[in-house]
Amino acid sequence: MNKKSIALISVLLMLFAACAGEAGPQGEQGEQGAQGPAGEVSDAQVAAAVEAALAEPETEVGGTLVIYSGRKESLVADVIAAFAAETGVTVEVRYAKSAALAGTLALEGAISPADVFLSQDPVSLGVVAKEGLFDVLPEDILDNVPAWAVDQRGYWVGTSGRSRSLVIDTRDVTESELPGDIYGLNDEKFRGRLGLAPSNSSFIAMIACMIEQDGEEKVAEWLSGINSLDYGEYPKNSPQVAAADAGELDIGMINHYYTLRVLAENGDSPVKNVYLDGGCGAMVMPAGAGILSSSQNKPAALAFIEYLHSTSAQEHFTNTVFEFPLVPGITPNALLPDINSLNSPTDLNWSALAIWQEKAVELIAGAGF
Amino acid sequence: MKTPKGLLLSNIVILTTFLMPVFYMVWRFFTFTRSFESFFESWNVYGLLFNTISMFFVVVFSSVTVGLLISILLIRFEIRYSKILFTLCALPLVIPSYIGALTYVSAFSPKGLFVQLFSFTGISEINGIEGFIGSWIALTLFTYPYVQLICSSALRNLDSTVEEAARSLGTKRFRIYTSVVIPRLKKPIIYSSLLVGLYVISDFGAVSLMKYSTITKAIYTYYEFSLLGDPIIFYSGLLIFLALIISFIQRGSDVSRAAKVSGTPRIPAKVELSSRNKFFVYLFFITVIFFSLLLPVSVLSYWLIRGLSVGNDVRAVFGGVVGSFSASIVTSILAVIISMPIVILISQYRSRFGDVLEKVILSLYGLPHLAVGVSILFITIKIFPSIYQSFFALVISYLIVFLPQAVGGGQASMEQVKASYIDASSSLGKSKLETFRKVTFPLIYRGLFAGGALVFLSTMKELPQTLLLRPTGFNTMAVDVWSFASEGLFTQAAFSAFILLAISAIPTYILSTRNLNR
């Protein structure tokens with residue numbers, strides 16, 4: 001159903017509602033319309049109108065939506081295009097790293113052209129929340145996903161889950177030589193074998209988590225230890241998996257799904273994910289989204305976040321991106337481990353991690369990365 | 001002649017607008033909430049400064065060595081195909097450092113193209129070229145042509161009587177060069193060294209791809225890390241300060257007349273080489289051309305052909321092509337228009353203000369693009385939010401760094417417009433406008449066009465400012481190269497790079513050699 005007909009029907013529905021003399025809350029307009037006098041329109045039209053109104057409570061969605069996406073174009077472009085096609089909203093997307101966009105939003109403040117911030121990690125979302133730039137989301141959107149994947153104050157909501165993991169080249173690494181937690185990687189036996197992406201937002205999130213859980217000193221020591229081990233520096237996570245696949249890298253610190261993408265394309269690839277036994281190296285975190293208070297098009301922004309929770313978007317995240325779906329009832333892709341088998345710290349408070357973000361960056365830079 | 005008020009005013013407006021990034025940085029430096037010492041304590045500043053400055057010295061040294069050697073060999077010695085060799089050696093000038101570095105990184109990655117090609121010899125893995133060595137190689141290969149062009153034109157104009165006197169006194173040929181020729185080329189050497197040095201400290205693409213931590217890389221890392229506060233301003237300001245020092249030395253001193261050496265040019269008879277020396281000389285040229293030109297171009301061609309044969313989507317780069325063209329066209333036209341009042345003031349009205357204006361405008365050329373981009377980013381957010389992330393702001397930012405090229409083009413052609421022509425025209429009762437239309441414009445439009453074309457080509461290749469300031473959804477070929485490369489998608493990156501080079505290489509070469517030789 002295109003934008004024009006939705007608009008037309010919603011105008012009709014409002015007329016009906018006005019005739020009935022009971023202007024109810026938006027979401028119920030459809031039903032009221034159906035109960036109202038239907039003399040001038042056919043039953044089929046009414047049925048279609050009801051369906052449309054129920055599926056799209058925000059019937060006047062339209063205009064332009066500006067999304068700042070910290071998620072890569074290759075991961076989310078399809079979902080965004082489908083949303084645009086279904087709603088008729090014109091979508092403009094600015095792709096960059098989540099942390100860079102969070103910083104940009106903080107700098108822009110009220111003049112930000114962005115309506116929605118879509119981030120690959122909770123810490124970048126927390127930075128924007130900390131600046132007081134997000135609107136509180138409606139309860140029903142927050143209730144779509146488990147409580148661990150939601151900002152405690154309701155400023156943003158998770159859209160998919162991902163776990164930190166190590167990618168290993170099984171030709172050169174045996175699982176038994178790997179440590180139980182991330183601190184064990186600071187070991188001479190890993191000299192020249194480690195890879196990481198120091199400016200990757202999820203890596204920064206992990207460091208923030210480590211500061212929160214283990215204290216600044218221990219993290220600084222670990223970072224400078226890793227820095228002295230002849231590590232390989234990568235701009236992002238995916239090149240680490242590619243390097244491991246090509247035999248150039250033994251162990252990379254990544255998010256789990258890049259490896260699964262490679263394995264889905266080539267089942268014989270020697271790369272493998274190893275999930276650590278505990279600590280921040282095993283952190284499971286949500287990618288998520290929030291609506292900027294300065295947004296000029298909040299209905300479309302809200303519709304977009306709801307769309308990210310729709311079955312088709314959630315199935316895209318799990319079957320194409322290989323993330324954990326967050327909406328109950330969606331079957332996770334078969335390549336994914338059981339999310340309950342992962343040993344993420346359970347006492348994480350996302351807004352507390354955001355406070356450590358700047359410290360995390362300072363420690364990473366200070367260690368010489 | 002007294003400078004007309006309107007002209008003076010428009011120049012003051014242009015100058016203030018264009019110096020805004022510098023003013024903004026200065027203002028921020030005075031309003032830091034933390035002490036200067038705290039930057040030096042917490043942010044590895046010394047390390048980055050050390051890395052930046054050591055890169056400056058090694059690249060200047062190697063570029064001068066290579067560039068000077070090429071000039072001397074081709075101009076003073078009997079070498080076959082010297083014209084072609086000269087052109088081939090100078091061509092790497094057109095390869096943006098980020099594309100050059102990209103080809104090196106991808107070809108010499110531990111299991112990259114090089115290893116695949118030579119796998120029959122038993123090589124299975126190499127230490128990739130990166131870091132200090134990688135940046136050194138990449139920056140040298142794409143900057144020595146500046147030295148070559150400047151020094152060879154000086155060498156051509158050098159009066160050779162001293163050389164011949166030394167030779168007649170029995171001085172060994174090597175000594176003639178070390179004690180006679182090179183000392184007399186001191187000015188062009190210093191001039192071109194500083195040009196190369198400016199390039200080195202401002203370079204962002206090569207050091208980032210090579211993962212070598214310089215100030216520019218730190219600025220971009222902080223941007224990506226979301227620390228858009230004092231540190232990024234501090235580093236950008238530091239970089240602008242360094243660049244201004246270098247370009248004031250370069251433009252401000254009499255070194256600027258460097259390329260012109262006094263005396264009547266007398267070109268001595270070219271010296272024959274012994275066959276053994278000939279072998280080494282040709283080997284030298286083959287090596288230089290191979291590494292600076294053949295290798296990057298073949299790597300790009302290889303990726304292009306491979307990409308096409310496996311059916312890579314060509315449409316993906318189309319948006320970038322359109323973006324590059326639209327930005328470049330608008331910027332170059334505006335640059336020509338804005339440069340007019342400056343050129344007229346500088347060349348038609350001798351005044352103290354004009355002299356200062358000339359120096360300042362020319363030193364804008366040396367401003368590091370990344371730092372200017374950061375400054376414009378802050379200015380548009382904090383002071384002019386209505387143009388934030390607009391095409392207009394991006395174009396302004398391009399204009400700030402590329403305007404000097406348009407001014408240069410205009411200035412050169414303005415020299416042909418003698419004051420007497422104007423006087424003659426006005427004594428014949430023609431109005432100022434008519435004089436401009438009938439006398440001045442026909443004389444200068446070629447120069448203006450050349451300046452505009454140079455701006456067009458520079459804009460097309462610009463990377464860091466575009467990354468920071470582009471409107472949402474706006475892409476250029478340079479941005480495509482960069483973002484594909486940072487995802488490790490070298491094939492697609494090389495694809496965009498190839499198109500960029502194919503479109504811009506030849507005109508860039510013709511125009512920039514013209515400009516540098518002047």
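The legends below describe several views of chain B in a predicted model.

Residues are numbered from 1 along each chain as its sequence is written, while chains are lettered from A and ligands numbered from 1 in the order in which they are written. Because the model is predicted, local features need pLDDT of at least 70 and side-chain atom pairs count only at pLDDT 80 or more, whereas totals for chains, interfaces and linings use all residues.

**View 1. Chain B as a whole, with 24 helices and 0 strands.** Helices (H or I, at least four residues) and strands (E, at least two) are DSSP runs, numbered from the N terminus. The C-alpha atoms of chain B fill a box of roughly 80 × 65 × 50 Å along the principal axes. The radius of gyration of chain B is 24 Å, which agrees with the value near 24 Å for a compact globule of 518 residues; this radius is taken over C-alpha atoms, and the globule rule is 2.2 Å times the number of residues to the power 0.38. Of the 518 residues in chain B, 50% are buried, where a residue is buried if 20 or more other C-beta atoms lie within 10 Å of its own, exposed if 12 or fewer, and partly exposed in between, with C-beta atoms placed from the backbone.

**View 2. Domain 1 of chain B against domain 2 of chain B.** Domain 1 covers 1-25 + 312-518 and domain 2 covers 32-92 + 130-271, with bounds that come from an automatic or database domain assignment. Their C-alpha centres lie 23 Å apart. Contact joins 21 residues of domain 1 to 29 residues of domain 2, two residues being in contact if their C-beta atoms, placed from the backbone, lie within 7 Å. On the domain 1 side, α18(B) gives the largest share, 5 residues, and this side has 14 nonpolar, 6 polar and 1 charged residues. In this count Ala, Val, Leu, Ile, Met, Phe, Trp, Tyr, Cys and Pro are nonpolar, Asp, Glu, Lys and Arg are charged, and the others, Gly among them, are polar.

**View 3. The side of chain B that touches chain A.** Here 23 residues of chain B are in contact with 32 residues of chain A. Helix α13 (residues 215-224) of chain B gives the most to the chain B side, with 3 residues, and that side divides into 9 nonpolar, 10 polar and 4 charged residues.

**View 4. V481(B) in the largest nonpolar core.** A nonpolar core is a set of buried Ala, Val, Leu, Ile, Met, Phe, Trp, Tyr and Cys residues joined through C-beta atoms within 7 Å. The largest has 264 residues, and V481(B) is one of those with the most contacts inside it. Leaving aside neighbours within four places in sequence, V481(B) is in contact with residues including Y98(B), I99(B), L102(B) and L500(B).

View 5. Most residues other than glycine have a negative phi.
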